Amino acid sequence: MNDCIFCKIIKGELPSKTVYEDDLIKVIMNINPTTNGHLLVLPKEHCVDIFDIDEKIINHSFKVIRDTLYPLLRDKLGCEGLTLSENNLLGQEVHHFHIHVTPRYQNDLVDYQYNKEMLEDLDTVFEKLQNK
Ligand code: 5GP
Ligand code: ZN
C-alpha cells in the first residue's frame, strides 16, 4: 500500500521512534501518547485489521508484548499495568493493523467515555446474542 503511513514508517521512508523490531513486527512510540511509553505494534506486512491479519502475527505480537515490551516499560518507566487495544472499522484512524500498548500508572486518569443512554437491559442484549 503506497499511501499507508505505517508502511512508510516500516520501510524507513518516514521517521519513527522504534523501540523493538524483528522479522515480523516493528514497535514504535505513538506520536500522540495517552501515557508515557504508549507504543504501537505494527506488523511489517500490510494488513488492514483483525479480519485481515494472519493469526501467526497476532500470536507473535502478544508474545513480544508479554515477554519483552512489558518488562521494558515496567523496568524503565515504572508502569504498574498495561492496557492493550486495537480498533477495527469504526474508530480506526490508520488502516494498517496495530495494537496499542498503553502503560498504566496510578492516577493516570485513563478512561473511556461512552454513551450510557444507548445501553439496553443486559437480559435483552443477552437474548439477542443467543444462537437461535
Ligand atoms: P487508531 O485510531 O487507528 O487505532 O490509532 C492510530 C494511532 O496512530 C493514533 O494513536 C495516532 O496517535 C498514531 N499515529 C498516527 N500517525 C502517526 C505517525 O505518523 N507516527 C506515529 N508514531 N504514530 C502515529
Ligand atoms: Zn500499511
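Me: Histidine 60 is found in helix H2, which covers residues 55-77. Why does histidine 60 count as partly exposed?

Reply: The model is a predicted one, and the label rests on a value computed from it. Histidine 60 has a relative accessibility of 22%. Buried means under 20% and exposed means over 50%, with partly exposed in between. Since 22% falls in between, histidine 60 counts as partly exposed.

Me: What does histidine 60 touch, not counting residues up to four places away in sequence?

Reply: With those residues set aside, histidine 60 touches Asp22, Leu24 and Ile25. A pair is called a contact when heavy atoms lie within 4.5 Å. Glutamine 113, by comparison, is 53 residues from histidine 60 in sequence and 31 Å from histidine 60 in space, C-alpha to C-alpha.

Me: What makes the arrangement around the zinc ion (ligand 2) tetrahedral?

Reply: The zinc ion (ligand 2) is coordinated by Cys4 through SG, Cys7 through SG, His46 through ND1 and His96 through ND1. The angles subtended by these four donor atoms run from 104 to 117 degrees. Four donors count as tetrahedral if all angles lie between 85 and 135 degrees. The angles of 104 to 117 degrees meet that condition, and therefore the arrangement is tetrahedral. For four tetrahedral donors, the ideal angle at a metal is 109.5 degrees.

Me: How do you know that Cys4, Cys7, His46 and His96 coordinate the zinc ion (ligand 2)?

Reply: The coordinating atoms lie at 2.0 to 2.3 Å from the zinc ion (ligand 2). For this metal, N, O and S atoms within 2.8 Å are taken as donors. Along the chain, the donors follow the spacing C-x2-C-x38-H-x49-H. Cysteine 4 and cysteine 7 are both buried.

Me: Why is threonine 102 called buried?

Reply: The relative accessible area of threonine 102 is 7%. Buried means under 20%, and 7% is under that cut-off, so threonine 102 is buried. Threonine 102 lies in strand S5, residues 99-104. Leaving aside neighbours within four places in sequence, threonine 102 is in contact with Thr34, Thr35, His38, Gly81, Leu82 and Thr83.

Me: What makes threonine 35 count as buried?

Reply: Threonine 35 has a relative accessibility of 8%. That value is under 20%, and therefore threonine 35 counts as buried. Threonine 35 is located in the loop between strand S2 (25-29) and strand S3 (39-43). Not counting residues up to four places away in sequence, threonine 35 touches Thr102, Pro103, Tyr105, Asp108 and Val110.

Me: Why is isoleucine 10 called buried?

Reply: With a relative accessible area of 14%, isoleucine 10 is under the cut-off of 20%, and so isoleucine 10 is buried. Isoleucine 10 lies in helix H1, residues 5-11. With neighbours within four places in sequence left aside, isoleucine 10 is in contact with Lys26, Leu42, Pro43, Lys44 and His96.

Me: Why are leucine 89 and leucine 109 called exposed?

Reply: The relative accessible area is 57% for leucine 89 and 77% for leucine 109. Exposed means over 50%, so leucine 89 is exposed, and so is leucine 109. Leucine 89 lies in the loop between strand S4 (81-85) and S5, whereas leucine 109 is found in the loop between S5 and helix H3 (122-129). Phi is near 60 degrees, a positive value, in leucine 89 and in leucine 109. Most residues other than glycine have a negative phi.

Me: How do you know that leucine 122 counts as exposed?

Reply: Leucine 122 has a relative accessibility of 72%; this is over 50%, and therefore leucine 122 counts as exposed. Leucine 122 lies in helix H3. Leucine 122 and isoleucine 9 are 113 residues apart in sequence and 43 Å apart in space, C-alpha to C-alpha.

Me: What pattern does the protein chain follow, read along the sequence?

Reply: The pattern is α-β-β-β-α-β-β-α, with three helices and five strands in the protein chain. Of the 132 residues, 33% count as buried.

Note on methods
Residues numbered from 1 in each chain as written. Chains lettered and ligands numbered in written order. Predicted model: local features only at pLDDT ≥ 70, side-chain atom pairs only at ≥ 80, totals over all residues. Heavy atoms only, no water. Donors = N, O, S within 2.8 Å, 3.2 Å for Na, K, Ca; no water. Tetrahedral: all angles 85-135°; square planar, octahedral: opposite > 155°, others 65-115°. Buried < 20%, exposed > 50% of the residue type's maximum accessible area, 1.4 Å probe, protein only. Helix = DSSP H or I, 4+ residues; strand = E, 2+ residues; numbered from the N terminus.
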